[in-house]
Amino acid sequence: MAGESSLRKGRKAPYALIGPGMLWLILFFLVPMWTLLRIALSEKPNAFLPDYELTWRWANFSDAISRFQPELIRSFTYAGVATILCILIGYPLAYFVAFKAGRFRALLLGLIMVPFFTSFLIRTIAWQTILGQDGPALGVLKALSLVSVTDAIGLTSNGAFLNTPQAVIGGLTYNFVAFMILPIYVSLEKIDPRLMEAARDLYSTPAAAFRKVVLPLSLPGVFAGTLLTFIPAAGDYINAELLGNVKTGMIGSQISKLFLKESNYPEAAALSFIFMAIITVGVLVYAKILGTEELSA
Amino acid sequence: MTERIDPELAAAIEMARRLSRRRFLTRAGLGAGALAMAPGLLTACGSDDKQPSGSDSSGGKGDKKLSISNWTAYIDQDDNGNFNAAGTTIADFQEQTGIAVTYKEDFNDNDEYFNKTLSPILGKGKTLAADIFIPTYWMAARVVGLDWVEELLLDEIPNHKNLEDNYLDLAWNPGATKHMPWQGGATGIAWNPKKTGGDLKSINDLYDPKYKGQVTFLTELRDTVGLTMFGEGTDPSSANLDDINAAADKIEKATKDGQILKFTGNEYLRSLENGDIAACIAWSGDIAQLNPELGIKFAIPEEGGMQWFDTMLVPKGAANQVAAARWMNFVYDPENAARISEYVQFMSPVKGVKEALLAKGGDAAALAENPLIFPDEQTTARLKVFGELSQDDEIAVQSRFNDITG
Amino acid sequence: MTVSEKDNATPSLSQRRAVIEIDNVSKVFGDYVAVEHANFTIHEGEFFSMLGPSGCGKTTTLRMIAGFETPTTGAIRLEGSDVSRVPPHKRDVNTVFQQYALFPHMTVWDNIAYGPRAKKLDKAETARRVDEMLEVVRLGDFAKRKPTQLSGGQQQRVALARALVNYPKALLLDEPLGALDLKLRQGMQLELKRIQREVGITFIFVTHDQEEALTMSDRIAVMNAGRVEQIGTPREIYDRPSNVFVAGFIGQANLWPATVKGHKPNATTVEVAGRTLDVSQDDSALGVGDSGTFMVRPERMYVEQQLSDESRWTVVGTVAEMVFQGPVVRYELVLPDGAHAVAHVPARREGLPVPGDTVHASWADDAGVLLADPHNASPATSSNTSSNTSPTATEPEPKETEQ
């Protein structure tokens, strides 16, 4: 009997161990998601009162899509461009810190992190001053008479940095680049430098060694960095509000306005759901393409 | 009071707006991050607001304690941000009445407060922790219309007589028996003469194509639509839906044409300071606080300007209604009101404040001469409050406006 | 291959074609001299080891041959052409790295195919070579595995195959067996020799394990503190070490201070442990009155109560300790001048002296070697005990008693 009961205990132990995690997921993920879905399928008889009725109103979804299609497309476009820029900026930086910085590695990592001890908001507001009409960035361009050039290559619009889509994408890139650098750095830092020597030894040029060995081994970091950058960037609207113009609004502010200004909880919930669904599908496709074992296995 | 795009922005921007630059920088330096984020987070988590006020809520006539929810930096305090410091309004009130005041700067945004606090609590028939909260007039009208407030105990408020007359005939509460205004202001136009090359007079100057892409409007529906209605020759106080829609059409077209760069909350101030825009719709109190060296000018358009005010309400079932009444009476004393005005520099709804300031002399007297705080009678005559909208109209108009502002 | 074959091969080595020439190469990192004036030639088909304690410069020399480091001065020639400044990917040598450095994201097959693909060999040739190499290292069934799914020994063989598949002019092995346990290491030593015989490629092998070097090498370069101390066949290095460091690093040795008393034709008269001996070695490096070191390997010593062969050189001492070690008995003797001697004698059943006995310790006259440097000249002799992880650790100072 004793043996049997201890055996049973042994079988239950794993469930006991995942218990807290499951509870956490149920309480803080499943329940909110279920609530959100219910609201998304509900109607609010009176906008000003908190009550809503579950009427399975799927039209909330189609209404949200047709009304906010431009903002949805814009959010994913801006976030996508910003994420690519984050990779282009973050990868070389992470590579340098991981392999070339030597004893300055900790210092450089610290410097990358330092701006992020300041509030997101204040950093973004600072960019308004930097990019403004009378700010230093445009000042340099004007002094060098380069404004027409930057206009031509699309860096500025009508001689302005601020309040342009470029500024919004730039702000997103700036605000999220650290979330790209750190995971890439971690994945690069784990690569045994001898693997690069081995590739060089096996007749690869430095560029080929990077392409065939370092890059594939750092892809998990790029993947993680992309998620950490793209998802919050797509949902962000501070940058769009502060650095953009009336034509650069992103989905986050629309959800916020639906909820707060129009008290339209069902449509806000439906729009949130659509947004999450697109991101989830996108992440799965991306994981498939990148072949990240941890996610696809 | 102002509308803002989101609660996170609220705290930082409100701070910038309400405090003078010097004080803002000092306080921001102490911990800008925490300062900027904390109030937003608190309300986002719903903290104390949602808890019923406790045992003594039965009668609602409590006179020992008082809880106030107000906007940031909207009352006098010492340089460390302490509301209870000796010589402040709150300290004096506590001393004179023996009422213990809990004063919170947790009112960040009308819509946010309504959707996160008022609607889920008062809408469910529960009681708010605060005995006084201070929304903007149109939100106050909505809450009064929903019957979520108590009648004021006017017997305890002899100073009610000091309320400026123009607040007494508002359609949603004639005689001001359910609210008492806290501070007010005007919405007009501001411009940077270095960019415009001259002075603006009319709201329609903002639609002048020579300022294309250099103009910002406010995300606050009533200010932006109201001023545009003045420009169209219609009356914003009438709240005529056709007139409102005509104005919205005009705004929508200007937006599509690229005339209007963006719709903002208080961020327009930075755009003005940085020279990013030539002109905008602006709040009087903000311009009063700008550095005069920038040369930014403000005017109530010749067609007319919007008037707004934030007003004190006592929520349904509030525990300490007597204490709330005594507080209102206290701050409607011209001397006490003058002290608040001196600090916040908005338009006071209390009669006799100008005289009280003049009597004080010095900086206070200079304030009394400031036309943005004490506008002359001609200007006052041109100010109108946006008319009250029915619930359905309000939602329809707001929804349309949201689509326009992007 | 038998021992005699190997011995026969040795003299012909010098006539073989030179594959790698290390011509007066030095390497300096900042103010640290890693390699100082190294000079040697490695021949075609040779199994050449660089042996020494850590920090001796052997790995730096290997990395210079591979192209990962550039010599500060001097030249490295590969089949006659100077490659000192040729990048690694343009050198026809391949390396087996210490921890194998297998590409974790590729299968065994892809790992091995890496070099041929980088060299743009056509697909059929690549496949033919990879499959051939998988057979050579006996990993045919593991082609589709990832390196992490293999044992240490299997990974080792993949690393070998990945390098050999390119048919390099020389294969460089950087302590390739260091990560394996003893049993596996001994197996791999034989395996490496077998593979080398099969492919006939020059192997340059870096190790700090003297036993490994002795077992596998055709020739060994013993290095210490950046200098090449001696180059020779295992036999030469063991029997005729050129200095105290080499004597102490390879195997065990009795090292006694010696003073030169005079020279004879084909012999040098020295005073060792209070006795005067003629060493059948005409070492002109030492003049009369100079101090040198006299070395006798413990296993070359006889320990007897009755001297059985008067022709041997002998000293008289007292048995301080006797330790049975299986095939041999290890004796520790105290000589009259207080010096110690260690002797390994076959573990006969009877007639062995016991502690306290007075004995004759003797050796054949060709067993004694006179080294030119004083016996305490090389500080490395005492440190190499700790750096040498071989099971038959060297014992440079006979004075040091064992527990």
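Reader: Why is Ala101(C) called buried?

Author: In this predicted model, Ala101(C) has a relative accessible area of 3%. The term buried applies to values under 20%, so Ala101(C) counts as buried. The residue lies in the loop between E6 and H3 of chain C.

Reader: How do you know whether Tyr100(C) is buried or exposed?

Author: Its relative accessibility is 5%, and the cut-off for buried is under 20%. Tyr100(C) is therefore buried. Tyr100(C) also belongs to the loop between strand E6 (93-96) and helix H3 (108-118) of chain C.

Reader: What makes the phi of Tyr100(C) worth a remark?

Author: Most residues other than glycine have a negative phi. The phi of Tyr100(C), however, is near 75 degrees, a positive value in a residue other than glycine. Ala101(C) likewise has a positive phi, near 50 degrees.

Reader: Why are strand E2 and strand E5 of chain C said to stand at the edges?

Author: The open sheet of chain C has four strands in the order E2-E1-E4-E5, with antiparallel pairing. Strand E2 (32-43) and strand E5 (81-82) each have a single partner strand, so one side of each is left without a neighbour in the sheet.

Reader: What makes the contact between Lys261(A) and Asp111(B) a salt bridge?

Author: The nitrogen-to-oxygen distance between the two side chains is 3.7 Å. The rule asks for a Lys or Arg side-chain nitrogen within 4 Å of a carboxyl oxygen of Asp or Glu, so the pair qualifies. Across the interface of chain A and chain B, the rule finds four salt bridges.

Reader: What is the extent of the interface between chain A and chain B?

Author: The area buried between the two chains is about 3,700 Å², of which carbon and sulfur atoms give 55%. Phe48(A), Val246(A) and Lys261(A) supply 23% of the area that chain A buries against chain B, more than any other three residues. In terms of contacts, 36 residues of chain A meet 47 residues of chain B.

How values were computed. Residues are numbered from 1 along each chain as its sequence is written. Chains are lettered from A and ligands numbered from 1 in the order in which they are written. This is a predicted model: local features need pLDDT of at least 70, side-chain atom pairs count only at pLDDT 80 or more; totals for chains, interfaces and linings use all residues. Side-chain values use heavy atoms; hydrogens and water are left out. Two strands pair if DSSP finds at least two bridges between them. Helices (H or I, at least four residues) and strands (E, at least two) are DSSP runs, numbered from the N terminus. Contact means heavy atoms within 4.5 Å. Buried area is the accessible area (1.4 Å probe) that two parts lose on being put together, summed over both. Buried means under 20% relative accessible area, exposed over 50%, partly exposed in between (1.4 Å probe, protein chains only).
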